[in-house]
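Please keep the sequence and the model in view while reading.

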Amino acid sequence: MNTAARRIGRTLALVLPVVLVLSGTLAVTRVPWASPSAESQILTTSSDRASTHATHRAPHELLRDRLLAELQEKNPSVALTHLQAATAERPSLAQHCASIARALGRAAVAKYGGVSRAQAYARPVCDTSFASGITQAYR
C-alpha cells in the first residue's frame, strides 16, 4: 500500500505542474478583444514585440541615413565632418564608422558620376573608408 501511494504521489508531482502551466497559458492567451459578439481571439506572445522591432532602428542606421541625405543636399565634406563629430560624441558609433564612410563614398560616386570628383572630397575620417567606398562603387 505504501508503494502505491508513493507511485501516485510521484506521478502527481510530475504531471500536476505541467497541467497547471498549460491550463494557465491557455487561459491567458484567450482574450476578448473585439466586439462583445466575438467570442474570443487568440493573443500571441510575440505580437507585442513585433510592432516595436519593425519601427525601431539602430542609432548607426539613423546616422547613416541622415548623412546620406546630407551628402545629397550639400557635399561629402559636410557629411564626413558630421560623421567625425558623431563618432567623437558617441564612441559606440565608432565601430560603425568605416561602414558608414564606405556608404558615403559609394553615394558620392553615384552623385557626381565619377571617381575623380568624388575623390576630391576624401578625408582621413575612419581611416580610408571613404576612399574604399569610392573604389567599391567604381568596380
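## Terms and conventions

Helices (H or I, at least four residues) and strands (E, at least two) are DSSP runs, numbered from the N terminus. The expected span of a helix is 1.5 Å times one less than its number of residues.

This is a predicted model, in which local features need pLDDT of at least 70 and side-chain atom pairs count only at pLDDT 80 or more, whereas totals for chains, interfaces and linings use all residues. Residues are numbered from 1 along each chain as its sequence is written, and side-chain values use heavy atoms, with hydrogens and water left out.

## The chain as a whole

The protein chain holds seven helices and two strands, and read from the N terminus its elements follow the order α-β-β-α-α-α-α-α-α. Of its 139 residues, 21% are buried, where buried means under 20% relative accessible area, exposed means over 50%, and partly exposed lies in between (1.4 Å probe, protein chains only).

The accessible surface of the protein chain is about 9,800 Å², and carbon and sulfur atoms account for 59% of this surface; such areas come from the Shrake-Rupley method with a 1.4 Å probe, and for residues only the protein chains shown count as cover. Among contacts (heavy atoms within 4.5 Å) between residues at least 6 apart in sequence, 58% join residues at least 24 apart.

## Helix 3 and its buried face

Helix 3, which covers residues 59-73, has 15 residues and reaches 21 Å from its first C-alpha to its last, close to the 21 Å expected at 1.5 Å a residue. Its buried residues are Leu63, Leu67, Glu70 and Leu71. Seen down the axis of helix 3, these buried residues fall within an arc of 100°, so they line one face of the helix; the arc is that of the directions from the helix axis to the C-beta atoms. The buried residues of helix 3 pack against helix 4 (76-89) and helix 5 (97-112).

Leu71, found in helix 3, counts as buried at 0% relative accessibility. Leaving out residues up to four places away in sequence, Leu71 touches Pro76, Ala79, Leu104, Ala107, Ala108 and Lys111. The C-alpha atoms of Leu71 and Leu104 are separated by 7.4 Å, although these residues are 33 apart along the chain. Glu61 also lies in helix 3, but at 26% relative accessibility Glu61 counts as partly exposed. Glu61 and Ile100 are 39 residues apart in sequence, while their C-alpha atoms are 8.6 Å apart in space.

The 14 residues of helix 4 should span 20 Å at 1.5 Å a residue, and the end C-alpha atoms of helix 4 are 20 Å apart, which agrees. The buried residues of helix 4 are Pro76, Ala79, Leu80, Leu83, Ala86 and Thr87. They cover an arc of only 125° around the axis, which puts them on the same side of helix 4, whereas Ala88 and Glu89 are exposed on the other side of helix 4.

Helix 5 has 16 residues and reaches 22 Å from its first C-alpha to its last, close to the 22 Å expected at 1.5 Å a residue. The buried residues in helix 5 include Cys97, Ile100, Leu104 and Val109. Just after helix 5, Gly113 takes a positive phi of about 75°.

## The largest nonpolar core

In soluble globular proteins, nonpolar side chains tend to be buried together. A nonpolar core is here a set of buried Ala, Val, Leu, Ile, Met, Phe, Trp, Tyr and Cys residues joined through side-chain atoms within 4.5 Å. The largest such core has 20 residues, of which Leu63, Leu67, Leu83 and Leu104 touch the most other members. The elements that give two or more residues to this core are helix 3, helix 4, helix 5 and helix 7 (129-138), and helix 5 gives the most, with seven residues.

Leu63 touches Leu83, Ala86, Leu93 and Ile100, when residues up to four places away in sequence are not counted.

## An aromatic pair

A search of the whole structure finds one aromatic pair. The rings of Tyr112 and Tyr121 have their centres 5.5 Å apart and their planes at 15°, so the pair is stacked. By definition, rings of Phe, Tyr and Trp (its six-membered ring) pair if their centres lie within 6.5 Å, and planes under 30 degrees apart count as stacked, over 60 as edge-to-face and the rest as tilted. Tyr112 is buried, with a relative accessible area of 16%, whereas Tyr121 is partly exposed, with a relative accessible area of 22%.
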